[in-house]
Amino acid sequence: MSKKVLMLAAKANMIQQFNHRNIKILQNLGYEVHVATNMVDFGSMSMDENERFKIWMSNNNVIDHQVDFERRMGSLKGNIRFIRQLRQIFRENDFSRA
């Protein structure tokens, strides 16, 4: 079984803008890279950039998970929703512990 790592960001643009290199480094170290972020409300990039990023992740064997993160504190209902989504991702995957 390969080692797995999860990268988290509230908005997809944070992964897209700052973590391409980190993803490749982790993959070169033998990790299966998962990304949990909001791909629906994706932040400051355009819809075309978001689609290109999804394609880049697919082409580079990055496993993406939609998580309905809200900005700032969010609502209680929204916070409970994304916590449940994260718990499900952790239940379904055996991420490596540092």
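Mentor: Start with the side that faces out. In this predicted model, the face of α2 turned away from its buried side carries the exposed residues Arg21 and Asn28.

Trainee: Which residues of helix α2 are buried?

Mentor: Helix α2 covers residues 20-28, and its buried residues are Ile23, Leu26 and Gln27.

Trainee: Why do the buried residues of α2 line one face of the helix?

Mentor: The general idea comes from the helical repeat. An α-helix has 3.6 residues a turn, so residues three or four places apart point the same way. Here, the buried residues of α2 fall within an arc of 100° when seen down the axis, so they line one face.

Trainee: What do the buried residues of α2 pack against?

Mentor: Their partners are the strands β1 (3-11) and β2 (31-38), together with the helices α1 (12-18) and α3 (47-59).

Trainee: What pattern does the chain follow along the sequence?

Mentor: The order is β-α-α-β-α-β-α, with 4 helices and 3 strands. In the chain, 73% of the contacts with a separation of 6 or more are between residues 24 or more positions apart.

Trainee: How does the radius of gyration of the chain agree with that of a compact globule?

Mentor: For 98 residues, a compact globule would have a radius of gyration near 13 Å, and the chain has 14 Å, which agrees. The C-alpha trace spans about 40 × 30 × 20 Å along its principal axes, and 38% of the residues count as buried.

Technical notes:
Residues are numbered from 1 along each chain as its sequence is written. This is a predicted model: local features need pLDDT of at least 70, side-chain atom pairs count only at pLDDT 80 or more; totals for chains, interfaces and linings use all residues. Side-chain values use heavy atoms; hydrogens and water are left out. Helices (H or I, at least four residues) and strands (E, at least two) are DSSP runs, numbered from the N terminus. The radius of gyration is taken over C-alpha atoms; the globule rule is 2.2 Å times the number of residues to the power 0.38. Buried means under 20% relative accessible area, exposed over 50%, partly exposed in between (1.4 Å probe, protein chains only). Contact means heavy atoms within 4.5 Å. The arc is that of the directions from the helix axis to the C-beta atoms.
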